[in-house]
Amino acid sequence: MATDRPRGAGQDERACGVSATAVLEVAGLGWASEKARVEAVLSRRPGVRQVEANPVSQTATVRFDPVHTSAAELAVWVRNCGYHCRGQSVPDHVCDPLAEPTPTGPGHAAAPEARVSSPTEAVGHGGHGAMSMAAMVADMRNRFLVAVIFAVPILLWSRIGRQVLHFTVAAPFDLADEWFQLLLSLPVIFYSSWIFFDGAVRALRARTLDMMVLVAVAIGTGWTYSAVVTLSDAGDEVFYEAAALLAAFVLLGHWFEMRARGGANDAIRALLELAPDTAVVIRDGEPVEVPTAEVVVSDLLLVRPGTKIAVDGVVEEGESDVDESMVTGESLPVHKQPGSEVIGATINTTGTLRLRATKVGADTALARIVALVQEAQNSKAPGQRLADRAAFWLVLVALLGGAVTFAVWLLFSDEPVSATLLFAITVVVITCPDALGLATPTAVMVGTGLGARRGILFKNATTLETSARITTVVMDKTGTLTTGEPEVTDVTVADGFAEDELLRLAAAVERESEHPLAMAVVTHAASRGVPTARADGFVNRAGRGAVATVDGHRVVVGNRRLMEQEDVPLDDLDGRWDGLAAGGRTAVGVAVDGQPAGIIGLADTPRPTAAAAVRALHDAGFKVVMLTGDNEATATRIAGQLGIDSVIAEVLPGDKATTIAELQHAGRTVAMVGDGVNDAPALAQADLGVAIGAGTDVAIETADVVLMRSDPLDIGVALRIGQGTVHKMRQNLGWAIGYNAVALPIAAGVFEPAFGLLLRPEIAALSMSGSSLLVAVNALLLKRLRLPTTQPAPVTQPSEDATPVPVG
């Protein structure tokens with residue numbers, strides 16, 4: 001469940017101002033071309049703006065006006081299409097599937113109540129109904145087994161069996177061969193093939209054409225013609241074996257295809273399984289175990305060591321380390337104390353926590369991540385939208401082509417009716433657009449799943465396509481390439497002072513301050529094991545530093561202005577001070593009893609993996625630009641350490657988007673990487689906006705890609721996944737289009753007079769099913785994509801030959 005985001009919203013949505021999004025369950029969507037039925041029916045309903053169904057994930061993303069409809073009513077309409085739908089595609093233990101998404105925009109009106117569905121509607125109108133993907137695979141297998149068990153004897157007692165296989169056993173009970181074949185074909189037609197006829201009827205009721213129509217026409221025509229010939233004792237050739245083998249091969253192909261497609265949805269299943277079934281809530285002072293779905297905002301939860309945190313919240317009592325790797329990807333546990341925020345589905349490792357629930361159900365970080373991934377998987381790349389339109393017309397072409405083939409062979413050849421009918425059936429079967437419908441959804445499913453496992457969330461399929469066209473990666477400095485927190489980089493001591501003593505005195509004063517630079521000095525002293533000291537008479541000098549007495553000595557810690565006010569002569573340290581400033585570092589002076597004791601240099605330091613991330617981007621052929629509001633010296637120092645090509649420094653937040661636009665006007669396709677808050681305009685302006693950080697609200701709303709880990713290495717990983725996914729999409733689309741272009745004339749018998757090249761319907765069915773299977777398996781090969789795994793390299797000091805070139 002999610003609300004619409006500004007990026008990509010339709011014009012009509014912006015006009016009315018009220019919009020909501022729901023990812024609905026569509027269980028039983030077993031065939032790629034069936035998604036057109038769901039999209040056609042729902043898109044004609046009042047209030048529905050956009051529908052994107054996905055047969056791989058068995059879901060549909062629906063954007064709608066909550067004033068005119070609701071998730072509950074949408075679920076009823078999905079069931080009216082013949083599919084099972086409990087509501088939104090969320091596990092029951094997380095939240096109620098029929099809970100309404102929160103609308104965005106002015107004038108939020110109450111959603112209309114959905115009518116109560118009948119028991120028949122609640123379980124679907126046949127087909128696969130409420131089956132899970134595993135049950136659908138098993139059902140397809142059973143139908144195939146029944147079809148093949150009866151198809152084999154049908155083939156043996158057919159004309160092919162007699163004349164080609166030289167099978168001579170007489171039919172039992174003194175039956176004629178065609179009568180025995182008719183009896184054997186009944187289970188194949190009325191059990192194994194029934195899903196085709198049922199699906200065809202529902203497709204026609206929905207005023208659309210899909211694969212079910214084609215297969216039903218092919219099997220039904222062949223079997224009906226043969227049955228009429230048998231019952232009328234006309235003596236013409238029958239081809240029960242063609243209808244039976246056609247059904248068997250189609251079912252076989254889709255059995256394997258569905259097994260392959262099931263593997264494409266592993267990432268979503270893994271995410272959904274993270275949420276715990278129950279939570280311990282403090283009620284009337286006593287701990288009570290309740291289902292997670294019953295936890296409400298402001299509940300006080302008790303979380304013991306080794307258990308999962310059920311919902312998002314804030315720690316009120318206790319301290320512990322929490323393993324957040326399953327959600328954010330951060331490998332090390334994060335320390336939590338009163339006031340710290342915690343994420344649902346993470347694991348409490350060491351201490352007992354009492355926390356206040358702040359977000360529950362579909363509003364938790366995990367549920368939002370799942371919804372984001374589902375929406376991305378259900379979204380359509382531009383190429384897939386074209387393929388979907390082509391698939392509809394291809395069905396029409398198949399039906400018309402079959403009719404034209406039958407008429408041409410009947411009127412302009414000496415072939416009997418049975419032979420011309422076989423040509424027509426073969427055309428209908430082999431032109432089935434199922435592979436075309438699967439071409440990109442399977443690749444998008446696997447690609448977004450790969451990203452989700454690495455903490456990389458793609459917003460939609462268009463984002464994947466865009467990431468494959470990026471030429472320039474622009475990175476914000478603070479918080480993206482650097483930690484965003486100052487660290488001590490240099491300690492220079494005056495004659496007569498030891499470094500540890502200098503740090504002991506300075507830390508004693510800074511410990512009384514809350515300034516970030518002061519915290520960095522205290523942290524550095526502690527990391528070196530310097531003994532602590534107590535400061536008395538602490539006085540803060542705003543904007544300059546602080547003064548205190550430590551062990552009877554008057555200690556001054558601050559900037560040059562404070563040193564001048566205290567009449568501290570810098571003497572030999574003056575040149576070092578200027579050198580630190582020129583190198584982009586902040587210099588903090590320390591004076592003891594009016595004499596200079598030393599200088600401490602501080603700077604925002606690069607993240608441990610930043611240099612490796614830049615190197616990986618260079619190796620992949622990307623140009624890397626650093627964009628920052630910092631001064632030129634600081635930006636050049638960081639860029640030199642990381643090996644960045646170009647620097648654009650001293651840029652105000654409001655001008656970052658203009659800078660991105662200038663790069664785009666220069667012919668570059670730009671990915672902007674930022675923290676998603678200060679960089680929001682630039683993220684929106686870029687061809688691809690990438691937010692790095694723990695999935696903040698602004699990042700999720702603005703960017704196209706969200707990196708849940710604060711790891712710059714994931715930038716290259718995201719772009720590599722996009723490139724690999726688009727490569728598979730193109731391979732699949734090329735195969736699907738090429739297959740139909742070559743197979744159609746062969747099936748129509750165009751080459752039969754000259755070369756004797758023709759196909760029987762059962763071979764066409766095997767070819768068509770194999771094509772769909774090939775597309776699905778090819779997409780799954782994306783899981784073997786080699787992703788950057790470079791270990792963090794030590795950050796080097798800038799050298800003269802590595803100085804970046806300022807730009808703009």
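What we have here is a predicted model, in which local features need pLDDT of at least 70 and side-chain atom pairs count only at pLDDT 80 or more, while totals for chains, interfaces and linings use all residues. Residues are numbered from 1 along each chain as its sequence is written, and side-chain values use heavy atoms, with hydrogens and water left out.

Let me start with strand S21, residues 623–627; strands here are DSSP E runs of at least two residues, and helices are H or I runs of at least four, numbered from the N terminus. Of the 5 residues in S21, 4 are buried, meaning under 20% relative accessible area with a 1.4 Å probe, protein chains only. S21 pairs in the parallel sense with strand S14, residues 472–476, over 5 bridges, where pairing requires that DSSP finds at least two bridges, and Val 624 is the bridge partner of Val 473. S21 also runs parallel to strand S22, residues 646–648, joined by 3 bridges, with Val 625 opposite Ser 646.

Turning to helix H9, residues 211–232, its 22 residues should span 32 Å at 1.5 Å a residue, and the end C-alpha atoms are 31 Å apart, which agrees; the expected span is 1.5 Å times one less than the number of residues. Because 16 of those 22 residues are buried, H9 is largely enclosed by the rest of the structure. Just after H9, Asp 233 takes a positive phi of about 55°.

Technical notes:
Buried < 20%, exposed > 50% of the residue type's maximum accessible area, 1.4 Å probe, protein only.
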